[in-house]
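Student: I have a structure to look at and some questions about it. Please show it first.

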Amino acid sequence: PTTNLGPMTCQLAANFAAWVRYAVKPAARQTFGEDVVRVETFGTYSCRNIYGMRTGRLSQHAFANAVDVSAFILADGKRVSVLDGWHGDSKSQQFLRLIHTSACRHFGTVLSPDYNAAHANHFHLDMSGQNYCR
């Protein structure tokens, strides 16, 4: 299961499902020896500008073309969050970097905590752009 998913484009839905199935789940088994039982997100559709600013370009969330992923729950109950794990223990770092790298093959734009402070607690995944991975 995945939390907080709302409307999303068909292409985003297909790529997100494939990423979870073929990248996230195997990476969790490889790194922790556990299955991922839930993916937590901050959602998909939100009619707003980039970074929630009053003016500027519309975010890909405004087109239901983006999802923000915040954490992964393992079968043993461990919660691996982007906020705590990106610079956390070695296994969490390894897992999050593995799935970040794989996300770059599934989505047009991938933003991580390394991109800016606004993304410190999630991965932004969208279908725009062409292999923009930070």
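Tutor: Begin with a definition: buried means under 20% relative accessible area, exposed means over 50%, and partly exposed lies in between, with a 1.4 Å probe and protein chains only. This is a predicted model, in which local features need pLDDT of at least 70, side-chain atom pairs count only at pLDDT 80 or more, and totals for chains, interfaces and linings use all residues. Residues are numbered from 1 along each chain as its sequence is written, and side-chain values use heavy atoms, with hydrogens and water left out.

Student: Is Cys10 buried or exposed?

Tutor: The relative accessible area of Cys10 is 69%. Exposed begins over 50%, so Cys10 is exposed.

Student: Which cysteines form a disulfide?

Tutor: The structure holds 1 disulfide. Its sulfur atoms are 1.7 Å apart, and they belong to Cys104 and Cys133.

Student: Which parts does the pair tie together?

Tutor: Helices (H or I, at least four residues) and strands (E, at least two) are DSSP runs, numbered from the N terminus. The pair ties together parts 29 residues apart in sequence, because Cys104 lies in helix α3 and Cys133 in strand β6 (residues 132-133).

Student: Which is the class of Cys133, buried or partly exposed?

Tutor: Cys104 has a relative accessible area of 13%, so Cys104 is buried. Cys133 has 33% relative accessibility and therefore counts as partly exposed.

Student: Which residue caps the N-terminal end of α3?

Tutor: The backbone nitrogen of Lys91 lies 3.2 Å from a side-chain oxygen. That oxygen belongs to the capping residue, Asp89.

Student: Which side chain does His61 join in a polar contact?

Tutor: His61 is in the loop between β1 (36-43) and β2 (66-74), and counts as buried at 2% relative accessibility. A polar contact is a pair of N or O atoms within 3.5 Å; within protein, one must be able to donate a hydrogen and the other to accept it, and residues adjacent in sequence count only if both atoms are side-chain atoms. At 3.4 Å, the side chain of His61 is joined to that of His124.

Methods:
Disulfide = S-S within 2.5 Å.
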